[in-house]
Each structure stands twice: as structure tokens, then as C-alpha cells.
Amino acid sequence: MKVVLAFDSFKETMSSIEVANIVKEELLIKNPDLEVECISISDGGEGSLDSIAYSRECEVKEYIVTGPHFEKIKTKVIN
């Protein structure tokens with residue numbers, strides 16, 4: 001049997017693929033004959049860059065930049 005796992009991220013704790021991999025491991029413990037596919041998805045919120053980077057085999061890098069009011073803020077980009 002084939003199982004597809006596609007979770008959204010758990011806000012500020014785990015990415016969608018981390019959640020899927022944990023569930024995959026547990027499913028395979030119970031039934032090693034399963035064929036499990038993990039897919040990274042996002043609803044457009046905080047896990048979007050991680051999901052895109054995973055599917056395109058890129059990485060997300062974090063930078064400190066100057067915001068619109070000249071304050072220092074963290075931002076993420078796909079590299």
C-alpha cells in the first residue's frame with residue numbers, strides 16, 4: 001500500500017517535512033511493507049520558503065537587513 005504524507009508546518013516548531021518524516025518513521029515501525037511518500041506543502045504562511053526550498057533542493061538562508069524604518073530585521077531567502 002502507498003501512503004502520501006502532506007502536512008503544513010507546525011508554527012515555529014517543525015517544518016512540514018519534519019512532521020511528515022516523523023509520521024513516516026512511526027508508520028514504518030508498525031507496517032514496514034508500506035511505501036510512504038513525504039511531500040512538503042504550505043498554506044502560504046511561515047513555512048512557505050522551507051517548503052519551496054525542499055521541493056527544489058535548495059536551502060533557506062537567514063540574513064539581517066535594514067527594514068523600512070532603518071531597524072535591523074531578520075529575513076530569509078532561498079539560495
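Here are some friendly notes on the predicted model shown above.

1. **Ground rules.** This is a predicted model, in which local features need pLDDT of at least 70 and side-chain atom pairs count only at pLDDT 80 or more, while totals for chains, interfaces and linings use all residues. Residues are numbered from 1 along each chain as its sequence is written, and side-chain values use heavy atoms, with hydrogens and water left out.

2. **Layout.** The protein chain holds two helices and four strands, in the order β-α-β-α-β-β from the N terminus. Helices (H or I, at least four residues) and strands (E, at least two) are DSSP runs, numbered from the N terminus.

3. **Overall form.** The protein chain is more spread out than a compact globule, because its radius of gyration is 16 Å, well over the 12 Å that the globule rule gives for 79 residues. That radius is taken over C-alpha atoms, and the rule is 2.2 Å times the number of residues to the power 0.38. Along its principal axes, the C-alpha trace spans about 55 × 20 × 20 Å.

4. **Burial.** Of the 79 residues in the protein chain, 22% are buried; buried means under 20% relative accessible area, exposed over 50%, and partly exposed in between (1.4 Å probe, protein chains only).

5. In soluble globular proteins, nonpolar side chains tend to be buried together. Here the largest nonpolar core has seven residues: Val3, Leu5, Ile17, Ala20, Leu34, Val36 and Cys38. Strand E1 (2–7), helix H1 (16–30) and strand E2 (35–40) each give two or more residues to this core. Such a core is a set of buried Ala, Val, Leu, Ile, Met, Phe, Trp, Tyr and Cys residues joined through side-chain atoms within 4.5 Å.

6. **Val36 up close.** Leaving aside residues up to four places away in sequence, Val36 touches Val3, Leu5, Lys24 and Leu28. A contact means heavy atoms within 4.5 Å.

7. **Two backbone angles to look at.** Most residues other than glycine have a negative phi. Glu57, although not a glycine, has a positive phi of about 55 degrees; Glu57 sits in the loop between helix H2 (48–55) and strand E3 (60–66) and is exposed, with a relative accessible area of 76%. Phe70 is not a glycine either, yet has a positive phi of about 65 degrees. Its place is the loop between E3 and strand E4 (72–78), and Phe70 counts as exposed at 73% relative accessibility.
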